[in-house]
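Thank you all for coming; I would like to take a few minutes to walk through one model, beginning with the single chain and ending with how the copies are arranged. Please have the structure open as I speak.

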Protein chains: 2
Amino acid sequence: MENVVIRERLAKLRAAMQAHQMDFYLIPTADYHHSEYVDGFFKAREYFSGFTGSAGTLVVSMTEAGLWTDGRYFIQAEKEIRGTGVTLFRMLEEGVPTIQEYLKDKMESGQTLGFDGKVVSTALGEELEEILGKKQVSVCYDYDLAQEVWTDRPKLPNHPLLVLEDSLCGKTLAQKVAQVREKMAEKECAYHVLSKLDDLMWLFNIRGKDVTCNPVALSYAFLSMDDIHLFIQQDEITEEANAYFAKNQVTLHGYDEIIPFLKEYSYAGKMLLDKKALSFALYKIASDRTECVNEANPTELLKAIKNDTELENSRRVYIEDSAVLTKFIFKMKQLEDKTSLNEYEAAMMVDDMRREVPGFLDLSFDTICGFKENAAMMHYEATAEDHKQLEPEGMLLVDSGGQYLGGTTDVTRTFAMGTVTEKMKKHFTLVAVGMLRLAAAKFLQGCSGRNLDILARQPLWDMGIDYKCGTGHGIGYILNVHEGPQNIRWRYTAASTDSVLYPGMIVSDEPGVYLEGEYGIRTENILEVVLDEKNGDGQFLSFKMLTYVPIDLDLIDKKWMQPRDIELLNAYHRDVYEKLAPYMNEEELVWLKEATREI
Amino acid sequence: MENVVIRERLAKLRAAMQAHQMDFYLIPTADYHHSEYVDGFFKAREYFSGFTGSAGTLVVSMTEAGLWTDGRYFIQAEKEIRGTGVTLFRMLEEGVPTIQEYLKDKMESGQTLGFDGKVVSTALGEELEEILGKKQVSVCYDYDLAQEVWTDRPKLPNHPLLVLEDSLCGKTLAQKVAQVREKMAEKECAYHVLSKLDDLMWLFNIRGKDVTCNPVALSYAFLSMDDIHLFIQQDEITEEANAYFAKNQVTLHGYDEIIPFLKEYSYAGKMLLDKKALSFALYKIASDRTECVNEANPTELLKAIKNDTELENSRRVYIEDSAVLTKFIFKMKQLEDKTSLNEYEAAMMVDDMRREVPGFLDLSFDTICGFKENAAMMHYEATAEDHKQLEPEGMLLVDSGGQYLGGTTDVTRTFAMGTVTEKMKKHFTLVAVGMLRLAAAKFLQGCSGRNLDILARQPLWDMGIDYKCGTGHGIGYILNVHEGPQNIRWRYTAASTDSVLYPGMIVSDEPGVYLEGEYGIRTENILEVVLDEKNGDGQFLSFKMLTYVPIDLDLIDKKWMQPRDIELLNAYHRDVYEKLAPYMNEEELVWLKEATREI
């Protein structure tokens, strides 16, 4: 059966392409800032293809339309695009061309590829320009055709700004701008353009609500040595924010004024920018007009290395958040009839408990609550409609966190709901050992996560088991739960940098075992990088735990631990009891004592 | 007092510079192939400055002469250049200009810097060209002025070639050339020029004796898809070699004909070359004449991944070599009067014992035999004149190895000569634990040494101790004892690549503790990378020991070991006993049983 709705939308898109003399049009899945989640306004790819998945790119010509997506979505995409005339291109499958190969093959000399340069990454834009340029195909990145065709397009997300107290931030906007200008001067740059939303929020000491779970506002900034320009939707600026910006001599512009501003500015010096963190449109406009120095945004490292205020608040917030999760585990353990709850209800329960914490702003991400085999899917999310009923056996994995005035948390615990097998205990113990060993590492300044990853992975690798993800990611302060540049991974990917660890950075430590159709285990603590001893051999660093939640002893089998591992677990549990005791009621405390007993 | 000899040499050099219209002349310390050691012919820097150290660069102008060397040599250089008019530039000291800075500062528009482009690295040559080019200073790399001035210059090293049996190499010259041509075709290159001596020896299945301890012959090669050209000193070609090359259709040229050949060749395609492994002169000549693709030499990885023949021979040779060192340790342990020997005599003893092994060709490097605090110097070498007498206390470190028809060995053992302290035992045990843990690693294909280094280092880092060198280096097959691209290091340096480990690679595993003025400990085993299990999580690799020499139990303190470490040590010692027993006489066997006892 034909999908008339999508076919009509594509017909209108093709008409717009003809009007703009475009032969092919490309629609990726991204907002203007390559945020982790995209809001309705940015779902043009879904609008024109019917495919609702979180990743995919649509390419439309006068006669064809192709959707590229990855293995997670083949079945769903096939179903959703049925009857639309769109062809599915299964990425990474043998014989399936990449978008680049497809365009190179299909497009002819003299033709034009169009896309909205504001949602295409600089890397992709430059690659297409180069490949197609060789065939005398031109690229037009100036128009967002969706805007012309999509009549009932949702509005841009738009929420009032939150201005953070300076006392919560440790440094004022003026101090932070001075730090950035120092870096600009070092690179002999007179200007800096910023599009990375968490960097922007950090720099201005503001927060927004324009991206799901990321407390950020859609915005851009342009700094010279004298001026600070912020581009943001007028409606987001509360009276308080207005006064704050005025006081800090921030010149305000509309969100969509960034492009005319960059085009018309009278440049008299070089511009510092991070190509990776700018859309193709912005990069082209800037680099066409003045010499650009392509380096990581100074804000990236400044933000990643938390200051004392941020660290003190984070430490406190992590204990409060740990107490919530521990109380939740207690509830689940005590629950007489486990079948009275499903995964979704359990997730709602822990979310509601978090909402009670003073300073709660939002969840850090949608809670993952996976029972039994559902936990083997790393990013499983139970819904009100689609979920598993709990039972008095097997394991429940809960990965959750909150945004608070004082920090962003992230924690995963897997725990027994009843009977568990020897194999589950073995795997759970190896995961706990890996987590504890990495957290206990002492290492020379200069190490990156790449040097350390094996400490978490080795107990599993020894058994021929791997988890197909990094061991850890950086975490923001009242900001994105995934934050760079630091990470703990054993190999590079295009998306992951290899950044040295510095004191004040916060990283996750989350090894796991994922057995498809059986179960999933993940134990995730968050670590702070701290100074350790300094001697003739150098400056040593180590980690300090931020997370204090019991590791389920019902799943620990000492057979898989060395004495040192047992010491680490016992020491951790002593700390957990000590930190959490003040938050527990009498009944909970009795249980906590037992849950953190020495083994 | 004036050093008239050096002053006269410098005067002649300046006259030659004037004749060639050069204003400054630079002399580094290198042969034409950047070998690890340089022969007398290549010691022009020493000839014109009097400084005999192994590293340094001399820059001479009409009025000044400067010698750049590093901290190891400040005292020696100061002494040796006294009265020569040469000024010492202490590298890396504050306020001391680099050579580049010095030349940029001193040279004026229109002047010329000269150097022999055959001994200057492409990196340095290009850097100088770029820096000086901006000042309109030109670079002339065509002349070796030493050749014109240095009348009693030693001859080029020159020794008859050894042609290895194909059965010793596993692959014939023709097969290896075919492999290289496959890589050339992949890179769409018609030509390949090769200057790296160990790569050349591997490719042609020949060995030489032109560089100390490196069984290589001075040579170059040029491959097209049809022809094989070898440039080598005529006298090195024995009758056997001549027949061998004829049979394999290798066209022979004089060693010094490489430059005219490259200049006059009629190119009809791209050339594959590795800039890092070519002199500036060769690179310039090649890249001026045809398009070059700058990639690692295909031979580098082909050579590093040993074939089955090479591995089988290496395994056998390593056991024979291990037996020698073990017998030596036995002798030293039994020695009634320890003071009857000095470090140098002990080194000679182990060298002589190695010479008895069938197939012995040479030492892999000059034996390091350091007693007590001398062992804290990583590259200490006792001499007939300068050495320490042994005593019945403290530790002796012996790092040694041999070149055999069947492999290149390298092994370090540190052992007690008598009374030792608790601190020594602690450090020795931690080093042994680090060595054993790395050797026991199981890891996914794709790991480099960078991922694994911490396994060897962690026991020491936990105590705030580091060793200021890599954990391991690659090793050749009847070739250089230091061979790339693989290594085990925790961070990059300009000189060390980050290469993935492949089955068939051979690497050393040599953590240590070096306490200046006290003692040095190093325990070095050589490991072969082998395939381990393959499952849904990927292809795992692990290491197999090549070295089987007891680890001195007199220095082991179980207090610093986890049960798993003790298991590893006991398992290793069981293997040592089993592998070495056939080589031991009755008395040695009794001792070996005790030396490898279970703890």
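Predicted model: local features only at pLDDT ≥ 70, side-chain atom pairs only at ≥ 80, totals over all residues.

Helices here are DSSP runs of H or I of at least four residues, and strands are runs of E of at least two, numbered from the N terminus. On that basis, chain A holds 19 helices and 28 strands. Residues are numbered from 1 along each chain as its sequence is written, and chains are lettered from A, with ligands numbered from 1, in the order in which they are written.

As for overall dimensions, the C-alpha atoms of chain A fill a box of roughly 75 × 60 × 50 Å along the principal axes. The radius of gyration, taken over C-alpha atoms and compared with a globule rule of 2.2 Å times the number of residues to the power 0.38, is 25 Å for chain A, which agrees with the value near 25 Å for a compact globule of 599 residues.

Turning to the two copies, superposed by least squares on the C-alpha atoms of residues with pLDDT of at least 70 in both, chain B can be laid on chain A with an RMSD of 0.2 Å by a turn of 180° and a shift of 0.2 Å along the axis. That is the relation of a two-fold axis. Within chain B, Asn451(B) comes closest to the rotation axis, its C-alpha lying at 2.6 Å.
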